Amino acid sequence: TLRARLDLPPGVPTRIVSYLTERWPVAREAQPDPAPHLVFWGRLAAQKNPLRLIAIFVRVHARRPDARLTVIGPDGGLEGALRAEIARRGLEDAVTLTGPLGREGILEHAARASFQLQTSRYEGMALSVMEAMQMGLVPVVTPVGEIARYTHDGRDAVWIDAPEGGDADAEQADDRAAARILDLIEAPADWRRLREEALTRWTGAPLYAEDILAAIRDVVPAADEEAA
């Protein structure tokens, strides 16, 4: 926003306002060893690239037949293609499409999962990733938009490589993503470390509304007195 919308002279002080719009509880307090359960929530649209969810998940499922993927969200034009790909891969018993759900429904499915899987082509803030981190899921995500600023590969998240070439490069990138998920499932201590880092990432962060009001008070100190 600073670069694209504001023509500021050098040296003008700026600060980024928090975009944490809502606090989410930890989905499951006493987390056992990671289950091979993954969850996604968002629109089933081209931006979110949901077919890549299946491409990565099928590799996890090949080594862990007990793996499960829950896909939550409204049809944004790709639900039919997604269902067809699930059928083509023979994953009808392993992948569940729930349609759109509210907060409680998302929390219910998050409580059974250990990873959030999101393969977006592009993003803004990506609120679902922020929500997943607060719930105690390890995000496995493409580092697009602001995701690359508030997650850290190997510390509180797993970054999925963006294929640079053709089909062969895409296959290798999906192989790597699946292998890293499987490695964490088989190394519970490593998964728990990423989970704890994800949980603490937003601890103490102000909500957007709180930070906007604080910024206004910084700029207009008399605003508090006038409001009183």
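**Figure 1. Overall fold of the predicted protein chain.** Of the contacts (heavy atoms within 4.5 Å) between residues at least 6 apart in sequence, 75% join residues at least 24 apart. The model is a predicted one, in which local features need pLDDT of at least 70 and side-chain atom pairs count only at pLDDT 80 or more, while totals for chains, interfaces and linings use all residues. Residues are numbered from 1 along each chain as its sequence is written, and side-chain values use heavy atoms, without hydrogens and water. The chain contains ten helices and six strands, taken as DSSP runs numbered from the N terminus (helices H or I, at least four residues; strands E, at least two). Its C-alpha trace spans about 65 × 40 × 30 Å along the principal axes. Of the 228 residues, 43% are buried (under 20% relative accessible area, 1.4 Å probe, protein chains only).

Figure 2. Six strands are arranged in the order 3-2-1-4-5-6 with parallel pairing; two strands pair if DSSP finds at least two bridges between them. Strand 3 (95-99) and strand 6 (158-159) each have a single partner strand, so one side of each lacks a neighbour in the sheet. Strand 5 (residues 138-141) runs parallel to strand 6 and is joined to it by two bridges. Here V141 stands opposite W159 of strand 6.

**Figure 3. Helices packed on the sheet.** Helix 3 (residues 79-88) lies across strand 2 (68-72) and strand 3, at about 160 degrees to strand 3. Helix 4 (residues 103-110) touches strand 1 (37-41), strand 2 and strand 3, and its direction makes about 170 degrees with that of strand 2. Axes are lines fitted to C-alpha atoms, for helices over the stretch in contact, and angles run from 0 to 180 degrees between N-to-C directions.

**Figure 4. Nonpolar cores.** A nonpolar core is a set of buried Ala, Val, Leu, Ile, Met, Phe, Trp, Tyr and Cys residues joined through side-chain atoms within 4.5 Å. The largest comprises 32 residues, and those with the most contacts inside it are F57, L69, V71, L91, V95, F115 and I181. Leaving aside residues up to four places away in sequence, F115 touches A35, H37, L38, V39, L137, V138, V140, I181, L184, I185 and W191.

Technical notes. Buried means under 20% relative accessible area, exposed over 50%, partly exposed in between (1.4 Å probe, protein chains only).
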